[in-house]
Protein chains: 2
Amino acid sequence: MTHYTKGEQTRARVIREARELIIANGFKGTSISQIIDHTGVKKGALYFHFANKDELGYSILQDARDEFFGFLERSLAGDSPLQKVHSFLSAILDQQKNQHFVGGCLFGNTALEMSDSNERFGALILSVFTGWIDRLAGLLEEARQGGELDRGTNPLLLAKTMVAAIEGGIMMARLSKNRSDLEDCISQLRLLLH
Amino acid sequence: MTHYTKGEQTRARVIREARELIIANGFKGTSISQIIDHTGVKKGALYFHFANKDELGYSILQDARDEFFGFLERSLAGDSPLQKVHSFLSAILDQQKNQHFVGGCLFGNTALEMSDSNERFGALILSVFTGWIDRLAGLLEEARQGGELDRGTNPLLLAKTMVAAIEGGIMMARLSKNRSDLEDCISQLRLLLH
DNA sequence: CAAATTGTACCAAACGGTCGGTTAACACCA
DNA sequence: TGGTGTTAACCGACCGTTTGGTACAATTTG
């Protein structure tokens, strides 16, 4: 049983609660004072735990990355590789539904906002997308080998396109505040899994 | 032959040149002083032509929207509806290739950065995506009627997914600085057009 | 000339970040 | 058990800079 020091708890809480602000307003759009107001942690404490704003942002991305890959694995339910992919698609839709299609995807948001200006952010986000794509591509390859999927399909190409369409769909659903934009993309993607 | 006053020229030039900055660094990431330095226009002149920063941003989006729909129409070359869609996909890829996959799509970038915080921005960007989707869906419907496309396909669903995958693909190509990320998405999309 | 356009000095507010000082928790020893 | 030293944890006033924006005189243009 691990014991968490007071400091570790505070740090973790700031990471979790500041993430909400960044999802809602972006990284540049979230000020240190907003983070202070929202978390209740004082400026001195904040800068005790994080060297600067970038460092805090990076920690938030790391935390979100770990959480996402956990979510990804947990979502892969089913007996066959293809069933697992289908179940993942449902899980993504549910997750966005739960947050009412607001906020979108932290990685997509930050990629577009920061990747050109912050090398480290870009590299971390890229590793999320490549890891995600590779995991799906692996399942699709299994499905192809097992005859669940047409022998002519290219697993990596398909996985890339699925991830791209999901990210685009999340963006459009957020923009239009209309759930069907993401739902439509996902149901169209399901048609490719045959 | 219309005559452009000096003021109109200045205004148009600011819109065009400030857009480059915003594509590179985002809207919040681009300061008024950066715009002044980059365009050479002085602060007084800038605020003579635009009421405030938001107004400038909105004008840039309007200008980009008009340019994009022009690009869209010009790209639809070919004898059949389906050929036109194919030719559009090639044009998008060429366009991103020409800018070396840097900067991505202004609308996608701004959508994620600003749509939640600025109602007007969001509405304009949404109209770009819906116009784009509708145009493609119309062509796909024609293609379906003409027997070029499988009778079972849903034109609107497919068009939405294409736009979503293109936006996602542009984002990933920008992130990875790897052209193949967008190329792969587009070639996968082409497989759906049969 | 009047109107349109531009240059420059200036502003308050907000920004990210620093720093000297205070408090709270735990280990050590008598 | 009670006192003491150490340090992790936290506080908030303050800093220099940059922000978006204004005022207004000077100049160009039609």
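Select A:K177 to begin: with 14 C-beta neighbours inside 10 Å, A:K177 counts as partly exposed. On this scale a residue is buried with 20 or more other C-beta atoms within 10 Å of its own, exposed with 12 or fewer, and partly exposed in between, with C-beta atoms placed from the backbone.

Before moving on, a word on what you're looking at. This is a predicted model, where local features need pLDDT of at least 70, side-chain atom pairs count only at pLDDT 80 or more, and totals for chains, interfaces and linings use all residues. Residues are numbered from 1 along each chain as its sequence is written, while chains are lettered from A and ligands numbered from 1 in the order in which they are written.

Back at A:K177, zoom out a bit: this lysine sits in the loop between α8 (155-176) and α9 (180-191) of chain A. Helices are DSSP runs (H or I, at least four residues), numbered from the N terminus. Check the backbone too: A:K177 isn't a glycine, yet its phi is positive, about 55°. Most residues other than glycine have a negative phi.

Now hop to B:H100, in the loop between α5 (81-98) and α6 (106-114) of chain B. Its phi is also positive at about 55°, again without being a glycine. B:H100 has 11 C-beta neighbours inside 10 Å, so it counts as exposed.

Note on methods. Helix = DSSP H or I, 4+ residues; strand = E, 2+ residues; numbered from the N terminus.
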